[in-house]
Amino acid sequence: MVTQSATLRSKEEIIEKAKKPEIITGSEILLRSLVLEGVDCVFGYPGGAVLYIYDAMHGYSDFNHVLTRHEQGAIHAADGYARASGKVGVCIATSGPGATNLVTGIATAYMDSVPMVVITGNVATSFIGTDAFQEADITGITMPITKHSYLVRNVEDLPRIIHEAFHIANTGRKGPVLIDIPKDVSAKTAMFKPVTEVSIRGYNPTVNPKKSQVEKMIKAIAESSRPLILAGGGVVYSGGHEELYKFVTKTDIPVTTTLLGLGAFPSGNDLWLGMPGMHGTYTSNKALQNADLIINIGARFDDRVTMKLDGFAPFAKIVHIDIDPAEIGKNVPTEIPIVGDVKSVLEIANELAVRADGADEWRAQLQTWKIEQPLRYNDSEVELKPQWVVELLHETTNGDAIVTTDVGQHQMWAAQYYKFNKPRSWVTSGGLGTMGFGFPSAIGAQMANPDRTVVSINGDGGMQMCAQELAICAINNIPVKVAIINNQVLGMVRQWQEIIYDNRYSHIDLAGSPDFVKLADAYGVKGFRATNKEEARAAWEAALAHPGPAVVEFVVRKGENVYPMVIAGSTIDEMVMGDAE
């Protein structure tokens, strides 16, 4: 057995070896720089423009690369790695189609503020602009969806650029940074000297807030009788979950967490109201519409939370805490803006915070709503209900798994019925809503957390967009447990067509999808199928007990809808409660 001290010594030796100044190629500079940035896993797919880079990997045992089966699988895996670990996710692809296959994944990370460094190859510098074979202006294509991008023209600049890219990606409002490396630059040689300092003119994110603004928030709490905290993904990204818990404990203010904020505050706490928005809980939505003070902590006030802006939070004074000043006041007028890192802001707030004594009636009202209008569905002993399946997953993992999802009905059921108590346990595409994200992101999450159970909840539609990545789970024995909620239809589209488009169903039938058990078996992955509760429990427990990757297909009721639902154009408290209403 390798001891911890031996492991630490080996890491130190790897770093010391990587630091050694010597004349090496641009490709070797890239790999060494990644090692010095603490990168322990890179996802990628080779091609002509990055062959020098992949040649440098040959025999470089200190560099861990996972070969995916599609560039989209690589970038979603890197994204899942970043979300589940808090570290920067890294992926590599070749020029032209390899680079453009990353675009959806880059946009996914950009919308959700995920720190990533995306490395692409390009044609040699002498061919740029000539429409050479597999040439694409990837820096131009991705300019609106990257935090920053570099086209490397001089090999001597590589160490600085790589160090800057990691700094930019993982500071301020986090996001993806692209480094485009022409083939000749990766082949040229230069003296490698590690870069440890960063100085970027014009880039200096505000981390520490103005204390006077925090004091205004504390005063507003004291004057409020119906305060509410809206906690978003910024709490998770800043590592501010403990400070949020202290703040809530001191102030006794109820909390609702956005889709990306799930896990930022323990779901078992009496002050947690659930998730707000289009498919949010009754209590969360009513709380937003009746609060006289909303403290937004690291959330965007996006349209799926606010719904009809004209009628959103009509009685509330708004406090908005965000590291990105561009978000404050963008969608909702803000009386008390606080620019800064969420964790830093809450540390100051906790020094000043006192209990919101004037809100006792409000807290009682919210508890009454929670009791009277809980999440509910009509269960069945004849057919599987997807909500029951998610409850089964929660029960059998004790709520301690890292859960990734694709996009659609299953995503909302997972958000509603899997109860999260820890941050970085929930990985989902929120802003862009990217189908095909769920399964490869689970691979990245598992690579980042080898000792935790990782569950990937997917629909039968999204699973087919990146199912080929089952190969790398089998080859590398990555023990992701895949739950496919198979309703034989594009469920969320069907729900909208039923409710909004008067049952005019158009091109949603997924009949002819593969036998997912046979598909898993074809890749060398254990597969199970369940059509009722008894089969479901047995199959899922067998999958959890299996030491490697496993796929369980849960065949569920086709016509099940996600409720509550706020129809577009309605205010957030105009909820359709559904069949159980």
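**Close-up views of a predicted model**

View 1. At 6% relative accessibility, Arg494 counts as buried (under 20% relative accessible area, with exposed over 50% and partly exposed in between; 1.4 Å probe, protein chains only). Its salt-bridge partner is Glu498, with the closest N and O atoms 2.7 Å apart; a salt bridge requires a side-chain nitrogen of Lys or Arg within 4 Å of a carboxyl oxygen of Asp or Glu. Glu498 is partly exposed at 24%. The model is predicted: local features need pLDDT of at least 70 and side-chain atom pairs pLDDT 80 or more, while totals for chains, interfaces and linings use all residues. Residues are numbered from 1 along each chain as its sequence is written, and side-chain values use heavy atoms, without hydrogens and water.

**View 2. Salt bridge between Asp303 and Arg304.** The side chains of Asp303 and Arg304 meet at 3.9 Å, N to O. Asp303 is exposed at 52% relative accessibility, whereas Arg304 is partly exposed at 43%.

**View 3. Salt bridge between Arg504 and Asp502.** The N to O distance between the side chains of Arg504 and Asp502 is 3.6 Å. Both Arg504 and Asp502 are exposed. Elsewhere, salt bridges with shared partners link Asp252, Arg355, Asp357, Asp360 and Arg363 into one network. The whole structure holds 29 salt bridges.
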